[in-house]
4 protein chains.
Amino acid sequence: MSSTYGQMLKIAIFGQSHAPAIGVTMDGLPAGLPVDEAALGRFLARRAPGNGAFATKRKEPDVPELLCGIADGHTCGAPITAIIRNTNQHSKDYSELRDKPRPSHADYPAQVKYGGWQDVAGGGHFSGRLTAPLCIAGGICLQVLERLGITVRAHIASVGPVQDRPFDPMGADADTPEFAALADSTFPVLDAQAEQQMRDCIEAARLDADSVGGTVECIVAGLPAGVGEPMFDGLENRIASIVFGIPAVKGLEFGSGFACAGMRGSAHNDAYTMRNDRVETLTNRHGGILGGISTGMPVVFRAAFKPTPSIGQAQQTVSLSRQENAELTIVGRHDPCIVPRAVPVVEAAAAVAVVDALLCSGVSLQPDVK
Amino acid sequence: MSSTYGQMLKIAIFGQSHAPAIGVTMDGLPAGLPVDEAALGRFLARRAPGNGAFATKRKEPDVPELLCGIADGHTCGAPITAIIRNTNQHSKDYSELRDKPRPSHADYPAQVKYGGWQDVAGGGHFSGRLTAPLCIAGGICLQVLERLGITVRAHIASVGPVQDRPFDPMGADADTPEFAALADSTFPVLDAQAEQQMRDCIEAARLDADSVGGTVECIVAGLPAGVGEPMFDGLENRIASIVFGIPAVKGLEFGSGFACAGMRGSAHNDAYTMRNDRVETLTNRHGGILGGISTGMPVVFRAAFKPTPSIGQAQQTVSLSRQENAELTIVGRHDPCIVPRAVPVVEAAAAVAVVDALLCSGVSLQPDVK
Amino acid sequence: MSSTYGQMLKIAIFGQSHAPAIGVTMDGLPAGLPVDEAALGRFLARRAPGNGAFATKRKEPDVPELLCGIADGHTCGAPITAIIRNTNQHSKDYSELRDKPRPSHADYPAQVKYGGWQDVAGGGHFSGRLTAPLCIAGGICLQVLERLGITVRAHIASVGPVQDRPFDPMGADADTPEFAALADSTFPVLDAQAEQQMRDCIEAARLDADSVGGTVECIVAGLPAGVGEPMFDGLENRIASIVFGIPAVKGLEFGSGFACAGMRGSAHNDAYTMRNDRVETLTNRHGGILGGISTGMPVVFRAAFKPTPSIGQAQQTVSLSRQENAELTIVGRHDPCIVPRAVPVVEAAAAVAVVDALLCSGVSLQPDVK
Amino acid sequence: MSSTYGQMLKIAIFGQSHAPAIGVTMDGLPAGLPVDEAALGRFLARRAPGNGAFATKRKEPDVPELLCGIADGHTCGAPITAIIRNTNQHSKDYSELRDKPRPSHADYPAQVKYGGWQDVAGGGHFSGRLTAPLCIAGGICLQVLERLGITVRAHIASVGPVQDRPFDPMGADADTPEFAALADSTFPVLDAQAEQQMRDCIEAARLDADSVGGTVECIVAGLPAGVGEPMFDGLENRIASIVFGIPAVKGLEFGSGFACAGMRGSAHNDAYTMRNDRVETLTNRHGGILGGISTGMPVVFRAAFKPTPSIGQAQQTVSLSRQENAELTIVGRHDPCIVPRAVPVVEAAAAVAVVDALLCSGVSLQPDVK
């Protein structure tokens, strides 16, 4: 098992849903970077359970405790570790899961891999709750990037069949109030009308004891050209490596993404032009990355999230002890749609990947002078 | 720059398109695994340039020389290195590229990253030619997997708007002659009618001095349950990490992929069932992976390839030396569609990722007894 | 900064001496391995401050809290994280250190590296206190190894000029009561007379407001042949990589060590012989490792510890703010000799290295059956 | 098996003694660093077999072929690969070795690890010949360091009982002609009288069909303060990790090394002082490294090399096929003392470690401007 990511910035995520705590260790941030704990708390609140009508009923404060690595409000060069206590477990809810794996959850492959020793309560280490420590690491990285003029912002691009307006891939909407409002929203959408339809779609699923999937689109604006490496350490590889670590992600595309497969080169190529003494492209179908390296245009990607597999309807499964077919009805709390809460998680993942890539490219993160 | 992949099996790819040689080092295969050089040669031939009417005009033998790591037809435990000589370079074709970056190639970000020191001839280290050493490593891994009963097979899923019949995600078509024929084809498609339409589509692009994109679908059948790790070392992360290292890939999806985002959980979940005393799922929308770990069902994924950015039409770019807009017409050989040749590359990438994952999961690769 | 070690078993150590907590995350142990917390506590007690007359005056319970990764007394496959709260800090003792670096401590290079942002209190992340989390990781690994019949044992080989009897490199003394007693001792020495002389030597240093160095010898018995890799991942490299992470280690030697440099091959080579149907060597000057790989003979190594740089005498240093020479007298608690407490730390380091090497060699750690 | 080293600069060494070729891939050097191939050839010549009366009789040109990664005499940012052809193999000499392992060689543990599939000819991947590619990587790194004002220099510190004058740990002898002459010597010693005694000692061993060990001392002068990381990525760990990858190394010590164990803190601590507006230490018992980080003083270390296990005398071993004791007399060429040829290898290893540490510390390697 490996819950460690990164090269120059290494993050190690730990914890199970119902263990005493979950948390993260970040090793590799330079000393002297300011960390605003209050802002970090606000960022984490966007992911926290219990936000809004549709989210899981489990309501926890989710206030991280910073154990080390920060002194005088700045990184001190030593690894940063933060933990979140699990205070609201209902372990009895999960007793049946060791025998009857929930469809499309990790229960069954985990049972095979760990020989039955895995912690099943609440999904154990596979729980979506483990995205909270990722958000701690990412939240700190977002602050680092913000000071460098690099903005990472995501929104709900779709819920079920309902689409939000996409980001302008050239970054032209970055100055709009809708764009700015995303950072404070627990249901971040550009188009207010789409938001209402999405909420309706989720509510309809909830009433059916069902769930619904969606997509998240993310933009990284302000990243200078020349960051990333060819082949296996390209920005795409690095972002993919961490984004596929978010539970429920089944697809990832950059720039024009899958649509590029249907296009011709003459229509897909992004012509270069000089603008304000700077080399830019006239369009951004390449999503800000060529050959694994940033071009200076916004990095744009979209991730597909499957519908939460936890639904209230009876489902067919097997009894592993009896080796026969069985029926399972999952009781207890669960989100009908995790996409709204996934938005800050995607931002966090992107921020960690970008900070690591900057460090690997030898870019200074401009620490404060002491 | 990092052209190294893997944890227990490390591959390091080296070379530039017009350097004396390109090649690969593989470190970590157990000793005693048979390597069939003739079969490896046949596999490489599928990727080689000059196959068929549409491929690049550059025709090279592309016979790898195995420098070390193999003795008596078996791995000997030491790193395997193989090189391919570059014998057919036309370096003069590329003189203009240092000043006028080709749209949607890596020229411009490479110029920024390497300060002009990058080898521009033939695309240098960014050239699609570097997929040849990946195919050497992957070709050896495919043989390892084959002996374990694990089959990796890919096909052209689409070219432009033309779709091939998809793989049966349950693996039911694995016994058909069309499936078997894929392994020997330089234009691997399941549906003969689709093949003709694809060829027409490519030829039309070629006549327009244009190019066209497409998708490749890959299936890994026979992989036992329990392989892979949660979070950042899941099978999806590992496959993504290497597949995004193939030039021109802009999207990747597993199982139902992006389609999952529009679905409800009740329609997307894959119910478990007992079949022949084995736990299986009734459907395979999860693509054989849950929580990063294999379920025993076939792993299915699709990668989107953008249209080759090298087109014969005049394009707008900039002159970096003059800092002004300029026009560029790329002369010389180029593929109007790289997708057919990308099929074995995707198989190779998947095979490397799966062998590494097996080794990380402690699965024996069953070497021969000496 | 990187406080992460290992390939298949990754440990990440975090914390500063006076931060809220220190701890460790271990990622990669298979599920189903029993962990005896009481035995772990006894092992940690051997390293704990306040043991015996000579140790630091700082007395802390040092009881680790296991936050995750263990369920039902066994590893559950998820990362294990344990923390130790820092409850007894005297931060005011250290105010002068930011300006006047203590000779032979890490203060000055840390000041340069971290630009003054490092946490100086108590030595920060450089404190010997950070060996406690290493002992948590190592203590768990020692239990894993014990169940495989692999014994890791160390003793004080010397303090100042006083030598203990060395281990029999063939492992012949492993059945003696003196050998067995080492595991329970906070002053682990084979020769009782040497122990008294060592204690006198330390007390004399203490009375002089001085400190004294020493060596620790460690043996790993029961390791099967064939573990480890050639070149950079040999057992020697792996052990060196972690042992030089213990503060104050300035030398490391395996088998005959530096003495080999004065010998001839005919006197140094270890002849093979059959004993009880097993290939063994008649002598063990190679220290159980050839070409980086275990031979089945005991692994034997010695580490040299410099005298604690914290002494009570006035020392010459510089004032970094004034850029002039200055005098410094370190006040507060410090060990006159850290070697006794270093013994379990060396065992812990060796155990982590060996478990990682076993996993990399594909050796099963025989988890319990559930 | 893992013959890969490094984090930001990764080197992968490949080849067996009698395979078609040996070589190395270096991934991670910035673009624009000049590489002087002629100077590299001269450096490699110092390690080459056939230098002087005592060296192995195998005489090979050992001219590396640079396959890629260098263009216009500079690094181009892509991985550098260089190979050396093996042209002078006598494979028949080694037929007996698969059955009768040579004492103190890696034959036996390799047989266990690789199940008999290892390439035994000439020692296979374990051969001292594999230090040639390490010297290619190191030779390039030495040139990089030289341009930064960082000098890496080693000498034979001892052969058998004969000692050379040690380096001045303060670097005071760096301006002497004896120091300068080391870089051009195939028998690098500071004291001419010691050299003659060493040569006599080696010749006496040769006449006795025996071998003799020795030590190599290495100094890295000009390294700025602040390079390296605490704990497991300290300069000592990094250097140890690579130096223990040189065949026959059994011990390594930094600064005062093992002698520190017998000292008191008051005698061992290095006082700070201001000299020419720079913080220095009055003595350098710490060997230029504190807490894993460089202090700005010269880094000084010594490695112990065991006597070559290949001796001409009859030795006791076992027959693995018959599982009984047997006698072995090694025929063919071998060095009576490898220490002279190990000197450039130690320099190479140190240079690779230091360049990697510099890159990890974010220090620019000042590439040429194009």
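Predicted model: local features only at pLDDT ≥ 70, side-chain atom pairs only at ≥ 80, totals over all residues.
Two strands count as paired here if DSSP finds at least two bridges between them.

Strand S1 (residues 4–5) of chain B is joined to S2(B) by two bridges, and the two strands run antiparallel. Tyr5(B) is the residue that stands opposite Ile11(B) in S2(B). Four residues lie between S1(B) and S2(B), which together form a hairpin. Look at Gly6(B) in that turn: its phi is positive, about 105 degrees.

Which way do its residues point? Lys10(B), Ala12(B) and Phe14(B) point to one side, while Ile11(B), Ile13(B) and Gly15(B) point to the other.

Five strands make an open, antiparallel sheet in the order S1-S2-S3-S7-S4 (chain A). At its edges are strand S1 (4–5) and strand S4 (65–68) of chain A, each of which pairs on one side only. Within this sheet, six bridges connect strand S2 (residues 10–15) of chain A with strand S3 (residues 21–27) of chain A, running antiparallel. One of the facing pairs is Ile11(A) and Met26(A), the latter in S3(A).

Back in chain B, helix H3 (residues 131–147) is worth a stop. Its 17 residues reach 24 Å from the first C-alpha to the last, close to the 24 Å expected at 1.5 Å a residue. Is H3(B) mostly covered or mostly exposed? It is mostly covered, with 14 of its 17 residues buried. After the helix comes Gly149(B), which has a positive phi near 80 degrees.

Now for the way the chains meet. Between chains B and A, 89 residues of chain B are in contact with 89 residues of chain A. The side of chain B that touches chain A has 39 nonpolar, 38 polar and 12 charged residues. Strand pairing also crosses between these two chains: strand S11 (residues 249–254) of chain A and strand S11 (residues 249–254) of chain B pair in the antiparallel sense over three bridges. There, Leu252(A) has Leu252(B) as its bridge partner.

How is chain B laid on chain A? A turn of 180 degrees with a shift of 0.0 Å along the axis does it, with an RMSD of 0.0 Å. That is the relation of a two-fold axis. Moreover, 100% of the interface residues of chain B are also interface residues in chain A, so the copies meet through the same surface.

Chain B also touches chain D, with 42 residues of each in contact. Several elements of chain B each supply at least two residues to that side, among them strand S2 (10–15), strand S7 (80–85) and helix H2 (107–114). The largest share, five residues, comes from S3(B). By class, this side of chain B has 18 nonpolar, 19 polar and five charged residues. A rotation of 180 degrees, with 0.0 Å of shift along its axis, superposes chain B on chain D at an RMSD of 0.0 Å. The same surface serves both copies here: 100% of the contact residues of chain B recur in chain D.

Technical notes. Residues numbered from 1 in each chain as written. Chains lettered and ligands numbered in written order. Contact = placed C-beta atoms within 7 Å. Nonpolar A, V, L, I, M, F, W, Y, C, P; charged D, E, K, R; others polar. Least-squares fit on C-alpha atoms with pLDDT ≥ 70 in both. Expected span 1.5 Å × (residues − 1). Buried ≥ 20, exposed ≤ 12 C-beta atoms within 10 Å, placed from the backbone.
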